[in-house]
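Please look over the sequence and the fold first.

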Amino acid sequence: DLDLLRAAAAAEGDDAWLKGLLYLHYARRDRLTFEFVTQFLFLRWSERAPLVRREDVLDFLATRQGHEDAIRSWSDSTRKKLAGNVLSALRDFGILTGTQRKSLQRPVVRPEVALHLCRLLHAEGLRGRTLLEAADWRLFLWEPKDIYAALAHLAQRGDIQFERSGRTVILEIP
């Protein structure tokens with residue numbers, strides 16, 4: 001991963017590669033961000049409801065299963081600060097736009113970032129259809145057609161082998 005991050009950082013004029021890798025690792029490591037994007041924001045995107053408020057994060061936070069007591073013990077200012085930090089990070093990574101009024105936008109995802117996610121999911125033991133259905137793809141606000149298009153592009157470049165026919169999926173990731 002470090003070699004890939006170094007290469008992305010050294011790529012002149014290609015901010016999207018480094019930003020995409022950093023976002024991918026940040027969101028996969030931070031459970032609140034991961035769940036907020038893959039559950040709440042993805043649903044908003046699907047419903048074509050682009051506005052996102054701090055209260056949305058606070059409401060989502062309040063409904064986290066198994067954490068209700070701990071979250072209730074936090075001060076109101078702590079919860080608001082956490083919600084603001086999540087939204088600021090998502091804006092910095094290109095998932096949201098705006099400072100006061102935030103709106104969803106689909107981030108630019110370089111093929112190298114999609115390939116990296118494929119490799120991460122493959123290393124976690126996901127294969128074929130289960131890899132395609134991983135919630136991680138929702139971090140990019142991608143629906144199945146977007147995933148298929150990205151994998152077809154990677155296959156065309158020779159990075160992976162990908163074929164899909166109905167429910168049958170052949171996916172080989174070197």
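## Two crossing helices

In this predicted model, helix H2 (residues 15–29) packs against helix H3 (residues 31–46). Their axes lie 5 Å apart, at an angle of about 105°. Angles of 65 to 115 degrees count as roughly perpendicular, and H2 and H3 are therefore roughly perpendicular to each other.

Which residues make the contact? H2 brings Tyr 23, Tyr 26, Ala 27, Arg 28 and Arg 29. H3 answers with Arg 31, Thr 33, Phe 34 and Val 37. By type, the contact of H2 with H3 holds five nonpolar residues, one polar and three charged.

## The nonpolar core

In soluble globular proteins, nonpolar side chains tend to be buried together. Here, the largest nonpolar core has 52 residues. Tyr 23, Phe 36, Leu 90, Trp 137, Phe 140 and Leu 151 have the most contacts inside this core. Several elements supply at least two core residues each: H2, H3, helix H4 (54–62), helix H6 (76–92), H7, H8, H9 and strand E5 (168–172). H7 gives the most, with seven residues.

Take Leu 151 as a case. Leaving aside residues up to four places away in sequence, Leu 151 touches Cys 118, Leu 132, Trp 137, Ile 160 and Phe 162.

Helix H7 spans residues 111–123, 13 residues in total. From first C-alpha to last, H7 reaches 18 Å, close to the 18 Å expected at 1.5 Å a residue.

Is H7 mostly covered or mostly open? H7 is mostly covered, with ten of its 13 residues buried. Pro 111, Glu 112, Val 113, Ala 114 and Leu 115 are among the buried residues. His 116, Leu 117, Cys 118, Leu 120 and Leu 121 are buried too. Just after H7, Gly 125 takes a positive phi of about 100°.

Most residues other than glycine have a negative phi, and most peptide bonds are trans. Which way does Arg 48 go, positive or negative? Its phi is positive, near 60°. Arg 48 sits in the loop between H3 and strand E1 (51–52). Exposed means over 50% relative accessible area. At 59%, Arg 48 is therefore exposed.

Leu 141 also has a positive phi, near 65°. Leu 141 lies in the loop between helix H8 (128–132) and helix H9 (144–157). Buried means under 20%, so Leu 141, at 0% relative accessibility, counts as buried.

Note on methods: Residues are numbered from 1 along each chain as its sequence is written. This is a predicted model: local features need pLDDT of at least 70, side-chain atom pairs count only at pLDDT 80 or more; totals for chains, interfaces and linings use all residues. Side-chain values use heavy atoms; hydrogens and water are left out. Helices (H or I, at least four residues) and strands (E, at least two) are DSSP runs, numbered from the N terminus. The expected span of a helix is 1.5 Å times one less than its number of residues. Buried means under 20% relative accessible area, exposed over 50%, partly exposed in between (1.4 Å probe, protein chains only). Axes are lines fitted to C-alpha atoms, for helices over the stretch in contact, and angles run from 0 to 180 degrees between N-to-C directions. Angles under 35 degrees count as roughly parallel, over 145 as roughly antiparallel, 65 to 115 as roughly perpendicular and the rest as oblique. Contact means heavy atoms within 4.5 Å. Ala, Val, Leu, Ile, Met, Phe, Trp, Tyr, Cys and Pro count as nonpolar, Asp, Glu, Lys and Arg as charged, and the others, Gly among them, as polar. A nonpolar core is a set of buried Ala, Val, Leu, Ile, Met, Phe, Trp, Tyr and Cys residues joined through side-chain atoms within 4.5 Å.
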